[in-house]
Amino acid sequence: DFNDARDQRREELDAARRVGAAAELVTGVPLKGFENAPVLRYPNQATFHPLRYLRGLAGVIREQGGRIFANSPVLAVEELPDGGVRVSTENGGVVEAATAVVATNSPINDRFKLHTKMSPYRTYAMAFTLPRGDLPDALFWDTADPYHYVRLNPGPGSVDYLIAGGVDHKSGEADDGEIRFEAIEAWIRQLVPSLAKEVTRWSGQVLDTIDYCAFIGLNPGSSSVYVVTGDSGQGMTHGALSGMLLKDLIAGKENPWAGVYDPSRKIPDVKRWLAAE
């Protein structure tokens with residue numbers, strides 16, 4: 001319903017402007033049937049290759065004297081009586097430090113204080129080949145429930161990869177992945193008639209917080225353990241944000257985002273949220 005979309009678009013624009021984000025009202029996207037749809041556009045957004053980003057990040061950590069250990073699952077994160085933390089790994093390793101950051105999608109250090117404020121969702125995605133130039137390079141997403149999104153990734157030669165996904169559901173409440181993949185394919189082929197063959201498909205799990213804002217900061221009840229969780233599919237953004245935010249918190253500096261992402265912040269009533277879900 002385009003009328004509902006117009007109202008929602010205006011609300012989103014007002015919210016974007018309140019936080020200082022660049023956004024503008026436009027009409028239409030290059031998807032069949034939506035050429036005259038009401039659209040909220042976010043201009044001048046950057047894209048980057050996540051693996052290249054992580055490779056550069058790992059390089060900087062090593063240059064600064066940091067050490068990275070793979071294949072070392074953490075079994076316990078303990079706060080010591082005299083201050084500091086001890087981290088124990090499955091392969092027998094032990095690391096002691098002044099502070100620890102648990103950035104594991106779902107926290108492994110605390111089973112109750114944060115898990116009751118989050119809910120896991122299963123999400124789905126598919127990749128197809130598309131003749132280069134048939135669709136502008138952009139990220140498109142709708143306001144349906146469940147929602148969909150479309151984005152491009154450079155492919156070989158004269159083709160691109162179109163990635164379509166969404167149709168999330170609460171984990172454990174459905175076991176119909178194949179049906180959801182079929183629905184995604186039917187949806188995107190209707191919008192992009194020149195879409196070619198499917199290349200791959202996958203599924204993953206994301207954690208949504210009750211107020212849809214991540215938990216980044218000192219773990220509730222802790223003095224030396226910090227957490228990053230509740231990414232709601234925004235892990236790459238929150239990875240950069242949490243690096244800046246937690247650096248300040250650990251160093252005892254003020255940060256303007258601390259209150260927004262504080263894991264101990266007051267949140268809406270849990271029972272009411274669960275009932276709405």
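Three strands form an open sheet in the order 6-13-12, with mixed pairing. On average, neighbouring strands here are turned by 10 degrees against each other, direction ignored. Two strands pair if DSSP finds at least two bridges between them. Strands (E, at least two residues) and helices (H or I, at least four) are DSSP runs, numbered from the N terminus.

This is a predicted model: local features need pLDDT of at least 70, side-chain atom pairs count only at pLDDT 80 or more, and totals for chains, interfaces and linings use all residues. Residues are numbered from 1 along each chain as its sequence is written, and side-chain values use heavy atoms, with hydrogens and water left out.

Look at strand 6 again. It runs parallel to strand 13 (residues 225-229), and 4 bridges join the two. Val 101 stands opposite Tyr 226 in strand 13.

Helix 4 (residues 235-250) lies across strand 6, strand 12 and strand 13. It runs at about 20 degrees to strand 12. Axes are lines fitted to C-alpha atoms, for helices over the stretch in contact, and angles run from 0 to 180 degrees between N-to-C directions. Ser 242 is found in helix 4. Ser 242 is buried, with a relative accessible area of 8%. Buried means under 20%, exposed over 50%, and partly exposed in between (1.4 Å probe, protein chains only). Not counting residues up to four places away in sequence, Ser 242 touches Ile 216, Val 228 and Lys 247. Contact means heavy atoms within 4.5 Å.

Next come some backbone details. Most residues other than glycine have a negative phi, and most peptide bonds are trans. Ser 232 has a positive phi of about 55 degrees although it is not a glycine. It lies in the loop between strand 13 and helix 4. Ser 232 is partly exposed, at 22% relative accessible area. Asn 44 is not a glycine either, yet has a positive phi of about 60 degrees. Its place is the loop between strand 2 (38-41) and helix 2. Asn 44 counts as exposed, at 79% relative accessibility.

The peptide bond from Asp 145 to Pro 146 is cis, with omega near 5 degrees. Pro 146 is found in the loop between strand 8 (140-141) and strand 9 (148-154).

Finally, turn to helix 2. Ile 61 is found in this helix. Ile 61 is partly exposed, with a relative accessible area of 33%.
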